Amino acid sequence: MSLRIGVVQFPGTNCELDVSWAIEELGADAEMLWHADATVRGVDALVVPGGFAHGDYLRTGAIARFSPVMEAVSEFAAAGGPVVGICNGFQVLTEAGLLPGALQKNVGLTFVCDTVEIRVETAASVLTGLATPGAVLRIPINHFEGNYVCDADTLRQLRDEDRVVFRYVRNPNGSLDDIAGIANVGGNVVGLMPHPERASDALLGSADGVVLLRSLLAAAADTRTRLSA
Amino acid sequence: MNRYEVRIDVAHLPGVLDPQGATVERALPALGYENVSDVSIAKTIRLVLDAPSVDAARAQVDEMCRRLLANPVIEQYTISLEEVSAP
């Protein structure tokens, strides 16, 4: 049976179809999970895609974290299941406490829509298992609140525990330590501002995101084996 | 049961960059206001709360701030309450 990747959809999410398309191009099944459902239906991995969940009211991700599906997402993550938050999904995961720190408005208050270079800093995450540390990928970003911040202790932990997954080659938004993506302690929850699904085919201008999505599918396959063992 | 009008000011934690404040601070001298510094932009949330006492009201508002209204990673908040005539 094909791998099943859950794609979480909040009111205001707008990248769910792009993510689903990219996943299905790689041979897995994408399954939409509605935010009001309190289950992730036994999928093998989860993606929280980009957009403006609940209109970004109050703060980005602040309302989304209380959606019923998020409890199921947290349980799935606690069991070691692969969870990737892209852009607004990253913001949701920080608000939900699944990843440390926060994302605030870009330095200079500019919305940034561009294809940027990011460096893979570790292969010890569900999104980079097949990638080569040091590799530079061209991936689009598209955000107003992508400026990663955390306190000094958290930053030290992220560095010491090899949890900075991606850094920008040229910092586009003021992010602390050029951080573009981070992982939790287990490496199974990853958040990043760049959109790998928008770099999943040469026709889109870059296929550099494919290695990341393939890594996620490999992690999903491991999860299925482990959970069914 | 008493009724309280509550005002919550949510501001950036000291040391956390405030991009909106920084932008406004750069814009003011362009209008000739050269003597302005330390601009910060905060958010005000107003609500009405029914609670048995001012302490209970303050405790609940504090909890709501920690759980939803502010993000303690980057924000701090101050709460002011005023008792108003009950419904």
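Colleague: Which strands does helix α2 of chain B lie across, and at about what angle does it run to β3(B)?

Modeller: Helix α2 (residues 54–69) of chain B lies across β1, β2 and β3 of chain B, and its direction is at about 150° to that of β3(B). Helices (H or I, at least four residues) and strands (E, at least two) are DSSP runs, numbered from the N terminus. Axes are lines fitted to C-alpha atoms, for helices over the stretch in contact, and angles run from 0 to 180 degrees between N-to-C directions. Contact requires C-beta atoms, placed from the backbone, within 7 Å. This is a predicted model, in which local features need pLDDT of at least 70 and side-chain atom pairs count only at pLDDT 80 or more, while totals for chains, interfaces and linings use all residues. Residues are numbered from 1 along each chain as its sequence is written, and chains are lettered from A and ligands numbered from 1 in the order in which they are written.

Colleague: In what order do the three strands of the open sheet in chain B stand?

Modeller: Strands of a sheet pair through backbone hydrogen bonds, either parallel or antiparallel. Here the order is β2-β1-β3 in chain B, with antiparallel pairing; two strands pair if DSSP finds at least two bridges between them. β2 (43–51) and β3 (75–84) of chain B are the edge strands, each pairing on one side only. From one strand to the next, the twist averages 20°. Strand β1 (residues 2–12) of chain B is joined to β2(B) by nine bridges, and B:V6 has B:L47 as its bridge partner in β2(B).

Colleague: Which residues touch the most other members of the largest nonpolar core?

Modeller: In soluble globular proteins, nonpolar side chains tend to be buried together. A nonpolar core is a set of buried Ala, Val, Leu, Ile, Met, Phe, Trp, Tyr and Cys residues joined through C-beta atoms within 7 Å. Buried means 20 or more other C-beta atoms within 10 Å of the residue's own, exposed means 12 or fewer, and partly exposed lies in between; C-beta atoms are placed from the backbone. The largest core has 72 residues, of which A:I5, A:L46, A:V73 and A:L216 touch the most other members. Helix α5 (residues 210–228) of chain A supplies its largest share, seven residues. A second, separate core of eight residues includes B:I8, B:A57, B:V61 and B:L69.

Colleague: Is helix α3 of chain A largely enclosed or open?

Modeller: All eight of its eight residues (88–95) are buried, so α3(A) is largely enclosed by the rest of the structure. The covering elements include β3, β4, β5 (102–104) and β11 of chain A. A:G97 follows α3(A) and has a positive phi, near 80°.

Colleague: Is A:R41 buried or exposed?

Modeller: A:R41 is exposed, with 10 other C-beta atoms within 10 Å. A:R41 lies in the loop between β2 and β3 of chain A. Leaving aside neighbours within four places in sequence, A:R41 is in contact with A:G6, A:E31 and A:L33. A:R41 and A:G6 are 35 residues apart in sequence, yet their C-alpha atoms are 8.2 Å apart.

Colleague: How many residues does each chain give to the contact between chain A and chain B?

Modeller: Chain B gives nine residues and chain A gives 14 residues. On the side of chain B, helix α1 (residues 19–27) gives the most, three residues.

Terms used: Contact = placed C-beta atoms within 7 Å.
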